[in-house]
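User: I would like a close look at one part of this model. Please keep it brisk and tie the details together.

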Amino acid sequence: MRNHMFGFTLQESLFLGFCSLLILSTKLMLRLHLKVPGHSMFFLILFLMLAALCVRKRWSATLAAGMAGLLGMFTGSGKLGPLGIVSYMLPALVIDFCVPFLESHRKNLAFFAVAGLLAAAARAPISLFSEWMVGMDVQVLFMSTAIKTGGGMIFGALGALPVPALLTKLEARGLLSANPKPENSGANP
């Protein structure tokens, strides 16, 4: 299949766009007032892991997160502006670094939960910076960030748990290859 921008095929690009759209739409449609900080990390981590493990190319999750961040910024869904793109991309970078480890331990849910925890924790600097820019007191700033990050880490781990079962379902239905091909660098014409 012909490679397109950044070495992704049309099918892979469409899947990454679909994941980024799902990230944004779940964030917009499920604006639940649960009074539980970090619940939006459930779908963010779920769809970023699906993007990384279904496409199986380097930087897949980061590309999906970048698209979701751009969509969020252009639609005005977030309150962070351009910083919102970075807040999507930091967890995606952690997931992209964890992908080789997750692929070799597909049956172990604990590894997926730890990857979800780490990915959600990667958002802490953005939370710290955005609240510091508002002028929040340092003691309140650290307490607020700890509460938000802790809640996000729990929901991030919960969002990572269904990923192995979803991948198995996709493989069983023939939508995803059980034996991935080696990554194509995109250098072929």
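How do α4 and α6 run relative to each other, roughly parallel or roughly antiparallel?

Analyst: Roughly antiparallel. Keep in mind that this is a predicted model.

Start with the angle. Helix α4 covers residues 83–104, and helix α6 covers residues 124–134. Their axes cross at roughly 155°. Angles over 145 degrees count as roughly antiparallel, so α4 and α6 get that label. The two axes come within 9 Å.

Now the residues that touch. From α4, the contact uses Leu83, Val86, Ser87 and Leu90. From α6, Ile126, Phe129 and Ser130 take part. Five of the residues in this contact are nonpolar and two are polar. None is charged.

Helix α4 has another partner to consider, helix α5, which spans residues 109–121. The axes of α4 and α5 come within 9 Å and cross at roughly 160°. That angle makes α4 roughly antiparallel to α5 as well. The crossing of α4 and α5 is right-handed.

On the α4 side, Pro91, Val94, Ile95, Cys98, Phe101 and Leu102 make the contact with α5. On the α5 side, the residues are Phe111, Phe112, Ala115, Leu118 and Ala119. By class, this contact holds 11 nonpolar residues, with no polar and no charged ones. The contact of α4 with α6, for its part, includes two polar residues. Those of α4 with α5 include none.

One more residue of α5 deserves a look: Val114. Its relative accessibility is 43%. Buried means under 20% and exposed means over 50%, so Val114 counts as partly exposed. The C-alpha atom of Val114 lies 10.0 Å from that of Ile154. Along the chain, Val114 and Ile154 are 40 residues apart.

Now the wider setting. The chain has eight helices and zero strands. Read along the sequence, its pattern is α-α-α-α-α-α-α-α. Of its 189 residues, 40% count as buried. Consider the contacts between residues at least 6 apart in sequence: 75% of these join residues at least 24 apart. The accessible surface of the chain comes to about 10800 Å². Carbon and sulfur atoms account for 71% of that surface.

Technical notes: Residues are numbered from 1 along each chain as its sequence is written. This is a predicted model: local features need pLDDT of at least 70, side-chain atom pairs count only at pLDDT 80 or more; totals for chains, interfaces and linings use all residues. Side-chain values use heavy atoms; hydrogens and water are left out. Axes are lines fitted to C-alpha atoms, for helices over the stretch in contact, and angles run from 0 to 180 degrees between N-to-C directions. Helices (H or I, at least four residues) and strands (E, at least two) are DSSP runs, numbered from the N terminus. Angles under 35 degrees count as roughly parallel, over 145 as roughly antiparallel, 65 to 115 as roughly perpendicular and the rest as oblique. Contact means heavy atoms within 4.5 Å. Ala, Val, Leu, Ile, Met, Phe, Trp, Tyr, Cys and Pro count as nonpolar, Asp, Glu, Lys and Arg as charged, and the others, Gly among them, as polar. A crossing is left-handed if the near helix is turned anticlockwise from the far one by less than a right angle, and right-handed if clockwise. Buried means under 20% relative accessible area, exposed over 50%, partly exposed in between (1.4 Å probe, protein chains only). Accessible areas come from the Shrake-Rupley method with a 1.4 Å probe; for residues, only the protein chains shown count as cover.
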